Amino acid sequence: MVKQKKLNSTDINTFKNKTFYTETDTQTRELGKKFASILKPKDIVFFNGDLGAGKTTFIQGILSYFGIKKFVRSASFMLVSEFESKLCPIYHLDLYRLNENNTLDLGIDEYLFGNGISLIEWCDRLKYYNIKQRWEINIDYTDTGRKIKTERFL
């Protein structure tokens, strides 16, 4: 069960600078699904957390909300996975294998600043882009599951 706040209504304030706790992958996906309900085209979401912390699990919930039935894996070996939804394209970028200098040469601007929703793991590699308007999802292990902090930056 997701703790801290009942998630019946999902407006931006439900997730703006909040902390949630989940105990299972299923609960983490459900939280991702509820978070997805506030996303709109051109949103950028940064994900922070150690390897295996649950970033991709949360993203699976987001994509599920948008009707993507394909099982979503970490994009580490593909860099970008593109998904079509009824709302807009969704881009899952995993920058784990890159360093911050490589990202400027990749041409990922169309993903970051296009009309889709960009979900970015290992976002610290984008420091040269200086993206001010974004969501950040920070996922940490706890003794009983995951601590998930959602922040909005404008």
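This is a predicted model: local features need pLDDT of at least 70, side-chain atom pairs count only at pLDDT 80 or more; totals for chains, interfaces and linings use all residues.
View 1. Phe15, Phe20, Phe35, Phe47, Phe58 and Trp135 together form one aromatic cluster, and the structure as a whole holds 6 aromatic pairs. In the pair of Phe15 and Phe35, the ring centres lie 5.3 Å apart with the planes at 85°, so the arrangement is edge-to-face. This pair links distant parts of the chain, with Phe15 in helix 1 (residues 12-15) and Phe35 in helix 2, 20 residues apart, and both Phe15 and Phe35 are buried.

**View 2. The pair of Phe35 and Trp135.** The rings of Phe35 and Trp135 form an edge-to-face aromatic pair, at 5.2 Å centre to centre and with 90° between the planes. Because Phe35 belongs to helix 2 and Trp135 to strand 6, the pair ties together parts that are 100 residues apart in sequence; both Phe35 and Trp135 are buried.

**View 3. The largest nonpolar core.** Among the 25 residues of this core, Phe35, Phe58, Ile62 and Leu119 touch the most other members. At least two residues are supplied by each of helix 2 (25-36), strand 2 (44-48), helix 3 (55-65), strand 5 (117-121) and strand 6 (134-141), and the largest share, 4 residues, comes from helix 3.

**View 4. The surroundings of Ile62.** Leaving aside residues up to four places away in sequence, Ile62 touches Gly32, Lys33, Phe35, Ala36, Leu39, Phe47 and Leu119. A second, separate core of 14 residues includes Val80, Leu95, Trp122 and Cys123.

**View 5. Arg134 and the ring of Phe153.** The charged end of Arg134 sits over the ring of Phe153, at 4.3 Å from the ring centre.

How values were computed:
Residues are numbered from 1 along each chain as its sequence is written. Side-chain values use heavy atoms; hydrogens and water are left out. A nonpolar core is a set of buried Ala, Val, Leu, Ile, Met, Phe, Trp, Tyr and Cys residues joined through side-chain atoms within 4.5 Å. Buried means under 20% relative accessible area, exposed over 50%, partly exposed in between (1.4 Å probe, protein chains only). Contact means heavy atoms within 4.5 Å. Rings of Phe, Tyr and Trp (its six-membered ring) pair if their centres lie within 6.5 Å; planes under 30 degrees apart count as stacked, over 60 as edge-to-face and the rest as tilted. A charge sits over a ring if NZ of Lys or CZ of Arg is within 6 Å of the ring centre and within 35 degrees of the ring normal.
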